[in-house]
Protein chains: 2
Amino acid sequence: MIEDKPTRTELSELGEFGLINHLASFARSENSSTLKGIGDDAAVIDCGDKAMVITTDLLVEGVHFDLSYMPFKHLGYKAVVVNLSDVYAMNAIPTQITVSLAMSNRFPLETMEELYQGIRMACDMYGVDLIGGDTSSSKHGLMISVTAVGFAPKEDIVYRSGAKENDLICVTGDLGAAYMGLQLLEREKQIFLENPEIQPDLEGNDYILERQLKPEAGKATILKLKELGIKPTAMIDVSDGLSSDLLHICDKSKVGCAIYSEKIPVDHLTYTVAESFNLDPTTCALNGGEDYELLFTISQADFEKIKDFKGISVIGHITNAESGKMFITNSNQAIELTAQGWNAMN
Amino acid sequence: MIEDKPTRTELSELGEFGLINHLASFARSENSSTLKGIGDDAAVIDCGDKAMVITTDLLVEGVHFDLSYMPFKHLGYKAVVVNLSDVYAMNAIPTQITVSLAMSNRFPLETMEELYQGIRMACDMYGVDLIGGDTSSSKHGLMISVTAVGFAPKEDIVYRSGAKENDLICVTGDLGAAYMGLQLLEREKQIFLENPEIQPDLEGNDYILERQLKPEAGKATILKLKELGIKPTAMIDVSDGLSSDLLHICDKSKVGCAIYSEKIPVDHLTYTVAESFNLDPTTCALNGGEDYELLFTISQADFEKIKDFKGISVIGHITNAESGKMFITNSNQAIELTAQGWNAMN
């Protein structure tokens, strides 16, 4: 006899991007005002003269954050900033957010207030209004869902899909620091769990800890690019890791790339701490996530305009699709870039 | 010795509306494009000619829904519709949504697909695009966060705050049905838990079950009001219960009200089932939530335009603030309306 058993596919079989791609088949994009649906840092809606971008991120306790070393104020702040980062990555200016919170009753009001102080701090820093949300109890743990909206003239919006052969690949700031900050916090947590009398030793590591606990979004870069009269051809924020995010640009733009190990900006402290963990600093910079720097491509003609601007590194160039997506080592070897992602590194 | 103990205030001490009011103190509303922040069915953002409204709702397993009788497809559908209802309550037309989902790995992919089928069904019914979201695992249970946006000419937006003395109070459809549907589902669940061999007896109760499991948002009403050339003076959707939601209009508009028991629309089945539960049908209509009907006020001059329109009941009128918020019984007694809310009824 043949049994008609219902199929059961484990979510883990698909992986994060597999799942997102699969669920995208349920998306609907039929209204003429929907300029861009799923598949970029934010969706884009036609508002007449202007375009509105909208993006949302969900942070779940035990999955995206660990309350044993993440202060509530920082958590609230970071939940906002990661969304603003997506708005800037569309070359738009964030203006409003909504925040929804589910919180178990093990938390008192004072905790929620700290969280909202952090949310408010981010709003004030970036000039963004907190205009709504929802609050609920939860049976277990804490969850924060933030939606951010922003605006730009329609022609200013930058997608992941616009990179062209010979464009220069640029990245702001430095990479791998947030990942090393996380490693440090995780290590001190383990030591504490094994021996609660030992106090965490985090001294001298403020920079990488701040990169993990108090990241910044790309406001300064976006304003600077506007001032310099540069519109990137493609852009994404570095949330999953340089490799993974650059591959998104290549896939959406149907191009290849070549980036150079020696050009990838790594802070001195990131370098030192990575080595103390026996990790290769460049690997951390390639695959460490949560840096929230901006990765973008510009036409070669714009190189003169940015070459003296500190805080932007040209790390390579866009090639044709057939040339592949390449990472060039210091010894001039070309290695295929893979989307290892920072989750895979843990 | 005086100990400096940190204060701990339980969230339950404040209650839902107390908490919302408290958290509103962290809101920020400084950008000129923010036309309305917290305090209505949706926030309103200036987009040039048009206004955009944005609203968000969070549904948490074990708090807002019970998977033992809520099919996933209905859950996805309802999560969308409750947000669209808020957009219509601003007299705007919803156009796009984002959906974020946190789901424990006890659920297979097929469950997530059912959920998205329901989401898509609601999108198709209301002509709304699904343009983004986020997907995450969770340590426990299922959470859905939906954000809906919609548009209207700026002058068409209706707030809770516009009701004027002598305006007529109108409500669409009938009330209390979703609440009675919930009672029925809860009763059959208890019977099943006590004796799993007894099959649920839900026959003949389709109408109230559908009102609970598959509510509709006020699209038809909004289109009809536009066709009739009526702009309500104030509007809200009936999600917490008629009393509670009418009190919101009165508070925001700084007015009183008088509604008449005999005028409150209650479906025949709601009436019968309420009586079988030894509940007063009018109390269910006043305090039962989740009907997602529209409650609005219109100028008396507009009465002629709607009086023949089935599906809208005039249930009373707005008074001055000093006259209080009154419920007039069938025996002509005036009782102060209280915001019991449907949660309190459980």
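**Group meeting: how chains A and B meet**

Okay, so let's start with the contact itself: 74 residues of chain B touch 74 residues of chain A, where contact means heavy atoms within 4.5 Å. Before I go on, this is a predicted model, so local features need pLDDT of at least 70 and side-chain atom pairs count only at pLDDT 80 or more, while totals for chains, interfaces and linings use all residues. Residues are numbered from 1 along each chain as its sequence is written, chains are lettered from A and ligands numbered from 1 in the order in which they are written, and side-chain values use heavy atoms, with hydrogens and water left out.

How much area do the two chains bury? About 6200 Å² between them, 60% of it on carbon and sulfur atoms; that's the accessible area (1.4 Å probe) the two parts lose on being put together, summed over both. On the chain B side, B:Phe26, B:Arg28 and B:Ile131 supply 12% of the buried area, more than any other three residues.

One to look at is B:Asp129 with A:Arg28, whose closest N and O atoms are 2.9 Å apart. By class, the side of chain B that touches chain A has 29 nonpolar, 29 polar and 16 charged residues. In that scheme Ala, Val, Leu, Ile, Met, Phe, Trp, Tyr, Cys and Pro are nonpolar, Asp, Glu, Lys and Arg are charged, and the others, Gly among them, are polar.

Next, symmetry. A 180 degrees rotation with 0.0 Å of shift along its axis puts chain B on chain A, at RMSD 0.0 Å, fitted by least squares on C-alpha atoms of residues with pLDDT of at least 70 in both. The two copies are therefore related as by a two-fold rotation axis. And the same surface serves both: 100% of chain B's contact residues recur in chain A.

Last, the rings. Over all chains there are six aromatic pairs, that is, Phe, Tyr or Trp rings (six-membered ring for Trp) with centres within 6.5 Å; planes under 30 degrees apart are stacked, over 60 edge-to-face, the rest tilted. A:Tyr116 and B:Phe26 have centres 5.8 Å apart and planes at 35 degrees, so that pair is tilted.

Definitions and conventions: A salt bridge is a side-chain nitrogen of Lys or Arg within 4 Å of a carboxyl oxygen of Asp or Glu.
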